[in-house]
Amino acid sequence: MSDALKHECGIALLRLRKPLEYYKEKYGTAFYGVQKMYLLMEKQHNRGQDGAGFASIKMDLKPGQRYISRVRSNQPQPIQDIFMQINGRINEEMAAHPEYADNVQLQKENVPYIGEVFLGHVRYGTFGKNSIESVHPFLRQNNWMHRNLIVAGNFNLTNVKELFDSLVELGQHPKELADTVTVMEKIGHFLDEDVMDIYQQCKNEGYTKQEASAVIAERLNVAKILKRASKKWDGGYAMAGLVGHGDSFVMRDPAGIRPAYYYQDDEVVVVASERPVIQTVFNVPFEAVQELTPGNAIIIKKSGETNIEEIIPALPKKSCSFERIYFSRGSDAEIYEERKQLGRLVLPQVLEAIESDTDNAVFSYIPNTAETSFFGMVEAAQDFLNQRKNDYILNNRTTLTEESLKELLSVKIRTEKVAIKDAKLRTFITEDSSRDDLVAHVYDVTYGVIKPEDNLVIIDDSIVRGTTLKKSIIKMMDRLNPKRIVVVSSAPQIRYPDCYGIDMAKLEGLIAFKAAHELLKERGMEHIVEEVYKKSKAQENLPDNEVVNYVKEFYAPFTDQEISDKIAEMLSSDDINAEVKIIFQSVENLHKACPKNLGDWYFTGDYPTHGGNRVVNRAFINFYEGNDARAY
């Protein structure tokens with residue numbers, strides 16, 4: 001994705017199911033869990049570089065011994081920073097106490113971060129300041145072990161205000177209006193209630209206060225707590241939590257918007273945001289890692305017993321298609337093939353744009369994450385060329401000579417790396433105010449590989465704002481003097497804001513929206529803008545389930561091609577000599593390529609939850625009224 005776009009987050013939950021002595025004996029260290037957590041988080045660093053956090057719980061310690069450890073960082077390399085802190089503390093304790101070296105029990109009692117239950121998080125902040133207070137995991141502390149709660153998630157809720165108000169109605173005083181705090185307090189409220197109910201049962205059954213602690217741990221019904229807490233959640237989420245005595249869970253939203261995968265054997269239970277992370281860290285095959293069913297939670301009790309339980313009835317599955325297009329690492333076997341298929345399926349449009357002249361075409365890609373779809377596009381182009389060769393041979397088989405056949409077979413699809421990303425410059429371009437000045441220098445071009453008669457075909461993962469294309473890429477490609485520049489998006493046109501975790505909150509920032517608006521102006525159809533606004537405004541105070549996405553009418557007068565052509569015009573400029581064409585994947589082909597991830601609301605406006613319609617409604621009202629505010 002050539003445009004800067006923050007997105008997603010990554011979670012990692014690990015539960016060791018054997019005594020720590022087992023890992024010391026088998027793997028040479030009781031810090032096995034800490035080491036695996038480092039790998040689980042590092043392998044997901046693509047999902048978040050604004051912050052990282054780690055928490056651990058030691059089970060069955062005596063009162064007075066510290067059993068929860070947490071460390072968070074918002075430094076430039078947060079994963080490395082937190083594990084430097086962890087390793088520093090561990091090494092400090094081990095050096096000061098040589099007697100701990102071969103005594104796992106002493107290590108557990110005295111060395112921080114060692115334990116049986118771990119939770120890690122890597123964060124991309126979708127909005128707000130990137131302060132340390134915003135970094136997960138969050139901790140809700142209590143003097144009762146069972147009422148301590150640690151929460152981290154990959155999520156965004158659309159109805160935080162409603163949930164906040166419901167907490168106030170319960171008599172709480174949340175410290176801030178933030179979805180993470182709201183979620184944690186909601187779970188915490190029902191955790192408190194369940195603990196107190198079980199404690200009362202224990203008293204009635206004759207248990208002493210000390211005896212009741214073990215009974216509470218055994219009887220605590222995590223599924224019941226999650227059902228009550230999540231009843232009104234609207235959004236996309238993979239929510240993870242640890243309870244002080246050792247219970248843990250990961251819950252997934254009922255539409256399966258945010259991803260979650262798990263693996264379990266007799267040694268570990270592990271949950272992460274991406275399948276290949278688990279495969280790599282634990283060296284297990286593809287089929288051993290399962291996808292967590294939408295609306296379900298994987299619940300690991302203190303005893304190690306693990307169950308999958310339905311928390312909310314599943315909605316039609318609308319897993320985020322951007323996970324497959326861009327966000328998740330392409331080392332997943334399915335994602336790799338899907339990205340290649342995205343490239344294959346867009347080739348017919350490319351051939352139309354270059355008039356099937358593959359002899360005078362150079363194929364390339366920007367940025368590096370588009371490389372896999374580039375492979376698919378080139379393979380499809382090679383198939384096209386091979387078919388052309390076959391047809392020629394069959395039609396001219398009586399007159400072919402060895403020389404002409406050799407010349408024919410020597411023709412190949414030309415591929416080049418025409419742009420190289422300057423990684424050092426890229427790190428500075430994070431804010432809109434500074435991006436314009438620096439974006440022109442993000443890529444360097446490779447001179448001498450393009451001829452004046454060439455079509456230069458560049459594939460990108462997706463085109464969001466078009467800023468980098470307009471201010472850098474197209475200008476730089478034009479310096480190579482091609483006849484035509486064809487920019488290909490492996491994703492469809494992004495027309496609507498996302499409200500489930502991707503940083504696309506404002507309509508006016510989307511190049512497809514700008515293009516449709518320009519077309520409405522040009523064709524004297526601006527009355528549609530006002531009509532959509534009035535319809536949106538009239539719904540402002542309706543319940544979410546009654547709100548309709550009338551913003552679709554903003555795009556309705558135009559074909560996809562008309563909007564693509566207008567985008568090409570807007571991203572070009574008078575000083576560009578080459579003809580510029582922009583091609584987008586069709587939604588139909590996106591679904592063919594990624595049949596398991598059908599979430600397409602940013603392309604189609606078909607939101608999987610009611611809160612999505614309210615968000616797009618608010619986004620259009622903000623646009624019309626000139627409010628520079630987020631829609632959620």
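## Helix packing and nonpolar cores in a predicted model

Helix 18 (residues 527-538) packs against helix 23 (residues 610-625) at an angle of about 130°, and their axes lie 9 Å apart; helices here are DSSP runs of H or I with at least four residues, strands are E runs of at least two, and both are numbered from the N terminus. Axes are lines fitted to C-alpha atoms over the stretch in contact, with angles running from 0 to 180 degrees between N-to-C directions. The two helices, helix 18 and helix 23, are therefore oblique to each other, since angles under 35 degrees count as roughly parallel, over 145 as roughly antiparallel, 65 to 115 as roughly perpendicular and the rest as oblique.

This is a predicted model, in which local features need pLDDT of at least 70 and side-chain atom pairs count only at pLDDT 80 or more, while totals for chains, interfaces and linings use all residues. Residues are numbered from 1 along each chain as its sequence is written, and side-chain values use heavy atoms, with hydrogens and water left out.

A nonpolar core is a set of buried Ala, Val, Leu, Ile, Met, Phe, Trp, Tyr and Cys residues joined through side-chain atoms within 4.5 Å, where buried means under 20% relative accessible area (1.4 Å probe, protein chains only).

| Core | Size | Named residues |
|---|---|---|
| Largest | 77 residues | Most contacts inside it: Phe322, Met477 and Phe620 |
| Second, separate | 38 residues | Including Ala52, Ile79, Ile86 and Val104 |

Tyrosine 124, in the loop between strand 4 (117-123) and strand 5 (138-140), is buried, with a relative accessible area of 16%. Its C-alpha atom is separated by 6.0 Å from that of glutamine 49, 75 residues apart along the chain.

Methods. Buried < 20%, exposed > 50% of the residue type's maximum accessible area, 1.4 Å probe, protein only.
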